[in-house]
Amino acid sequence: MRQATATTRGIPLSTHSGSGRLPLRLVKLYAGLALYGASSALLVRSGLGLEPWNVLHQGLAELTGLTIGVVSIIVGAAVLLLWIPLRQRPGLGTVSNVFVVGVAMDGSLALVPEAHGPAVRVTLLVAGIVLNGVATGLYITAGFGPGPRDGLMTGLHRRTGRSIRLMRTSVEVTVVATGFALGGTVGVGTVLYALAIGPLAQLFLRVFAPAPASPGSTVVAAGQPERAILPG
């Protein structure tokens with residue numbers, strides 16, 4: 001019997017369904033990752049603040065001249081290498097996360113023009129945060145494994161014995177501070193994202209949760225998880 005993986009905010013990291021639903025799970029995985037990249041692009045265009053890791057990605061993009069999507073891919077791959085000493089095992093969702101989110105972000109940035117005026121910027125910010133919640137619900141309920149950054153948090157938790165909440169906070173504060181020093185955008189959007197993404201993700205996890213297993217099925221969804229973290 002498989003159980004849903006647990007993370008820091010009461011949000012399951014993965015919810016497994018029957019193998020007969022594999023095509024649907026793949027659609028949810030790649031739709032979620034593509035929308036995650038698109039939502040990040042909307043936050044970039046708002047200019048009002050990014051989610052923690054993209055503050056770092058944007059700062060590194062400013063430093064290197066690479067696109068933020070390419071930097072996201074490079075950083076994701078580097079973080080994935082850190083899984084080796086932490087003895088973490090990547091899944092299809094983990095590897096896909098590294099590439100699809102970055103490509104989708106750059107593609108969306110090419111389509112969405114620069115925002116002018118406070119009303120447009122606020123609209124992009126709110127749309128980006130809500131779309132990020134939708135993407136999170138799709139990606140997690142597909143059940144193909146955590147993103148590389150989430151695996152780093154859980155790996156550090158297992159190796160150090162410290163809480164996932166402490167590991168996540170420590171890493172993300174470091175990431176935001178480094179990204180800001182390099183020129184990444186920190187603002188009201190960063191704070192609003194931090195406050196809103198948990199409830200939004202929880203809502204869309206319920207919306208996209210797979211149907212209960214039919215009688216006789218050997219795969220059963222888990223009960224209430226103990227911890228939860230968001231994909232990244």
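Apart from its neighbours within four places in sequence, S72 is in contact (heavy atoms within 4.5 Å) with H57, G102, M105 and R149. The structure is a predicted model, in which local features need pLDDT of at least 70 and side-chain atom pairs count only at pLDDT 80 or more, while totals for chains, interfaces and linings use all residues. Residues are numbered from 1 along each chain as its sequence is written, and side-chain values use heavy atoms, with hydrogens and water left out.

S72 belongs to helix α3 (residues 68-81); helices are DSSP runs of H or I with at least four residues, numbered from the N terminus. With a relative accessibility of 6%, S72 is buried, the term denoting under 20% relative accessible area with a 1.4 Å probe, protein chains only. Its C-alpha atom lies 10.0 Å from that of V100, 28 residues away along the chain.

The buried residues of α5 include V98, G102 and M105. Its buried residues pack against α1 (22-46), α2 (52-64), α3, α4 (83-86), α6 (118-142) and α7.

T154 is located in helix α7 (residues 148-160) and is buried at 9% relative accessible area.

Note on methods: Helix = DSSP H or I, 4+ residues; strand = E, 2+ residues; numbered from the N terminus. Buried < 20%, exposed > 50% of the residue type's maximum accessible area, 1.4 Å probe, protein only.
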